[in-house]
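Dear colleague,

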Amino acid sequence: MITLENISTGEVFEGDEIELFIDDETLIGEVYLDGDLIFQALDVMNDLQLDHALKLEFKLIKEQEDIFSDFNQ
């Protein structure tokens, strides 16, 4: 489970799968959580820029547990 909180509004989004999409023609980056659009950024050329823009607007509250974490013990 992934939980993201919008820093400005306090709105919380929960889901299992996060996807980043960048339109090469318009340079608009979009972030989807379980298929729902939760964030857009302008003038984005790659995933690193979109990830950085997302981190300026959202904070990660809870991240999905690693299914292999038990094997490291």
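In what order do the three strands of the open sheet lie, and is their pairing parallel or antiparallel? The order is β3-β4-β5, and the pairing is antiparallel. Please note that the model is predicted.

The sheet. β3 and β5 each have a single partner strand and stand at the edges, so one side of each is left without a neighbour in the sheet. On average, neighbouring strands here are turned by 25° against each other, direction ignored. The antiparallel strands β3 and β4 are joined by six bridges. Within this pairing, F21 has E30 in β4 as its bridge partner.

The helix. Helix α1 spans residues 47–57, and its buried residues are L50, A53 and L54. Viewed down the axis of α1, these buried residues fall within an arc of 100°, so they line one face of the helix. In general, an α-helix has 3.6 residues a turn, so residues three or four places apart point the same way. On the face of α1 turned away from the buried side are the exposed residues L48, H52, K55 and L56.

Helix and strands together. Which strands are included in what covers the buried residues of α1? Among them are β3 (18–23), β4 (28–33) and β5 (36–41), as well as β6 (58–62). The strands β3, β4 and β5 are those of the open sheet described above.

The helix end. N46 caps the N-terminal end of α1, with a side-chain oxygen 3.1 Å from the backbone nitrogen of L48. L48 is also one of the exposed residues on the face turned away from the buried side.

Yours sincerely

Conventions. Residues are numbered from 1 along each chain as its sequence is written. This is a predicted model: local features need pLDDT of at least 70, side-chain atom pairs count only at pLDDT 80 or more; totals for chains, interfaces and linings use all residues. Side-chain values use heavy atoms; hydrogens and water are left out. Buried means under 20% relative accessible area, exposed over 50%, partly exposed in between (1.4 Å probe, protein chains only). Helices (H or I, at least four residues) and strands (E, at least two) are DSSP runs, numbered from the N terminus. The arc is that of the directions from the helix axis to the C-beta atoms. Contact means heavy atoms within 4.5 Å. A polar contact is a pair of N or O atoms within 3.5 Å; within protein, one must be able to donate a hydrogen and the other to accept it, and residues adjacent in sequence count only if both atoms are side-chain atoms. Two strands pair if DSSP finds at least two bridges between them. Axes are lines fitted to C-alpha atoms, for helices over the stretch in contact, and angles run from 0 to 180 degrees between N-to-C directions.
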